[in-house]
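I opened a new notebook page for this structure.

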Amino acid sequence: MAPWALLSPGVLVRTGHTVLTWGITLVLFLHDTELRQWEEQGELLLPLTFLLLVLGSLLLYLAVSLMDPGYVNVQPQPQELKEEQTAMVPPAIPLRRCRYCLVLPLRARHCRECRRCVRRYDHHCPWMENCVGERNHPLFVVYLALQLVVLLWGLYLAWSGLRFFQPWGQWLRSSGLLFATFLLLSLFSLVASLLLVSHLYLVASNTTTWEFISSHRIAYLRQRPSNPFDRGLTRNLAHFFCGWPSGSWETLWAEEEEEGSSPAV
């Protein structure tokens with residue numbers, strides 16, 4: 001591996017996240033928070049639990065950021081195979097082509113940052129330097145939930161160590177770093193909460209961030225009054241987290257099209 005590969009955006013972002021995570025954890029242990037009080041009293045269960053949750057959230061972050069989000073296979077194909085691939089798409093479905101991926105599967109999109117086409121594309125996450133797609137989206141939601149638990153617990157611990165007193169200069173020297181950590185955790189908790197709520201809503205309705213925002217520009221959604229992939233809360237959650245019931249998006253879209261075009265009795 002070339003030395004300059006270590007300065008790639010992905011490596012820098014993941015390194016920054018790791019350093020920031022352990023830096024905040026260290027601040028919570030060094031200041032007079034409940035975390036440090038438990039440690040001094042010999043009650044190690046809660047500090048160890050907190051450390052394990054921090055480690056778990058960091059490992060999930062690295063797994064999602066390094067995981068294949070569902071890239072479309074771009075291996076060169078003979079002309080016969082390309083014609084067969086085109087013939088497999090039902091005529092009712094708008095055929096979408098991409099100069100990188102030939103025939104673009106339904107719900108897939110080309111990501112300019114990754115320079116790859118991703119199945120069930122949701123968005124490109126700059127904090128992970130990776131796309132969120134068909135394969136890593138469930139793990140991404142689990143990561144958000146665990147990260148929110150860690151952030152809220154850390155926020156409570158930071159608040160437990162804050163003691164306001166005068167003169168303010170002396171207070172700033174003794175508790176300024178902890179107060180900055182508290183503000184940072186507040187911001188991260190708000191962002192993680194909004195992301196988790198929005199993604200749970202999208203999962204419950206079986207749609208993606210890209211489809212929700214740009215439905216008026218997507219060929220297979222532009223002329224549809226409702227989401228053709230929505231099969232109810234229970235089936236949407238089961239398909240998202242467990243892959244059941246199985247089936248291609250093309251088949252699901254075609255079935256919805258047939259139901260919508262059938263004359264009412």
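I began with contacts along the chain. Of the contacts with a separation of 6 or more, 63% join residues 24 or more positions apart. I keep in mind that this is a predicted model.

Next I looked up the secondary structure. The protein has 10 helices and six strands. Its length is 265 residues, and 40% of them are buried. I then checked the surface. The accessible area is about 15500 Å², and carbon and sulfur atoms hold 65% of that.

I turned to helix α1. It runs over residues 9-30, which is 22 residues. From first C-alpha to last I read 31 Å, close to the expected 32 Å.

Which residues of α1 are buried? I noted Gly-10, Arg-14, His-17, Thr-21, Ile-24, Thr-25, Val-27, Leu-28 and Phe-29. What covers them? The cover includes α2 (34-40), α3 (45-66), α5 (137-160) and α6 (168-204).

Two packed helices are described by the angle and the distance between their axes. The axes of α1 and α3 come within 11 Å and cross at roughly 170°. An angle over 145 degrees counts as roughly antiparallel, so α1 is roughly antiparallel to α3.

I listed who makes this contact. On the α1 side, the residues include Val-13, His-17, Trp-22 and Phe-29. On the α3 side, Phe-50, Leu-51, Tyr-61 and Leu-66 are among them. I sorted the residues of the α1 and α3 contact by type: 13 are nonpolar, five polar and one charged.

Note on methods
Residues are numbered from 1 along each chain as its sequence is written. This is a predicted model: local features need pLDDT of at least 70, side-chain atom pairs count only at pLDDT 80 or more; totals for chains, interfaces and linings use all residues. Side-chain values use heavy atoms; hydrogens and water are left out. Helices (H or I, at least four residues) and strands (E, at least two) are DSSP runs, numbered from the N terminus. Buried means under 20% relative accessible area, exposed over 50%, partly exposed in between (1.4 Å probe, protein chains only). Contact means heavy atoms within 4.5 Å. Accessible areas come from the Shrake-Rupley method with a 1.4 Å probe; for residues, only the protein chains shown count as cover. The expected span of a helix is 1.5 Å times one less than its number of residues. Axes are lines fitted to C-alpha atoms, for helices over the stretch in contact, and angles run from 0 to 180 degrees between N-to-C directions. Angles under 35 degrees count as roughly parallel, over 145 as roughly antiparallel, 65 to 115 as roughly perpendicular and the rest as oblique. Ala, Val, Leu, Ile, Met, Phe, Trp, Tyr, Cys and Pro count as nonpolar, Asp, Glu, Lys and Arg as charged, and the others, Gly among them, as polar.
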